[in-house]
Amino acid sequence: MKNRTAAANARRRPERILALTTEEAVEQLDQALRAVGIILPSLGVDPVTGASDQPFPLVRLGCCNMTVAARLAAVLRKAAET
C-alpha cells in the first residue's frame with residue numbers, strides 16, 4: 001500500500017529517503033540483510049499502522065532465533081567500526 005508519493009517523500013528528507021513506499025523500504029532492508037547472511041522471517045509492514053492514515057507506517061522486524069540475533073549484532077558491530 002503506497003502511503004506517500006515520491007514527490008512528498010523527496011520534500012521531507014531527500015538525502016535519506018531511498019524508498020517510495022513502506023513496502024519498498026521493507027524490501028530494501030530485506031535485500032541488505034540477506035546480502036550479509038541475515039534473514040528476518042517476520043520482516044514486514046506493521047498491519048495496523050500500514051492500514052492507518054499515519055504518514056510513515058511502522059516496519060515490523062519480528063522475531064528471530066538467537067543465532068540470527070548474534071549474527072545481526074556482529075554485522076552491526078563490524079559496520080560501526082568502519
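So, where is the place of E27? E27 belongs to helix α2, which covers residues 22-35. By helix I mean a DSSP run of H or I with at least four residues, numbered from the N terminus.

Quick housekeeping. This is a predicted model, so local features need pLDDT of at least 70 and side-chain atom pairs count only at pLDDT 80 or more, while totals for chains, interfaces and linings use all residues. Residues are numbered from 1 along each chain as its sequence is written, and side-chain values use heavy atoms, with hydrogens and water left out.

On confidence: pLDDT is the predictor's confidence in each residue, from 0 to 100. The protein chain has a mean of 81, with 77% of its residues at 70 or more. Residues 1-15 stay under 50, and the model has 20 contacts for them beyond four places in sequence, a contact being heavy atoms within 4.5 Å.

Okay, back to E27. E27 is partly exposed, at 40% relative accessible area; the scale is buried under 20%, exposed over 50%, partly exposed in between, using a 1.4 Å probe and protein chains only. Its C-alpha sits 9.1 Å from that of L43, 16 residues apart along the chain.

Now, how many salt bridges does the count come to? One, where the rule wants a side-chain nitrogen of Lys or Arg within 4 Å of a carboxyl oxygen of Asp or Glu. R34 and D30 make it, at 3.0 Å, N to O. Both lie in helix α2, four residues apart, about one turn of the helix. R34 is partly exposed at 46%, whereas D30 counts as buried at 15%.

Notes:
Helix = DSSP H or I, 4+ residues; strand = E, 2+ residues; numbered from the N terminus.
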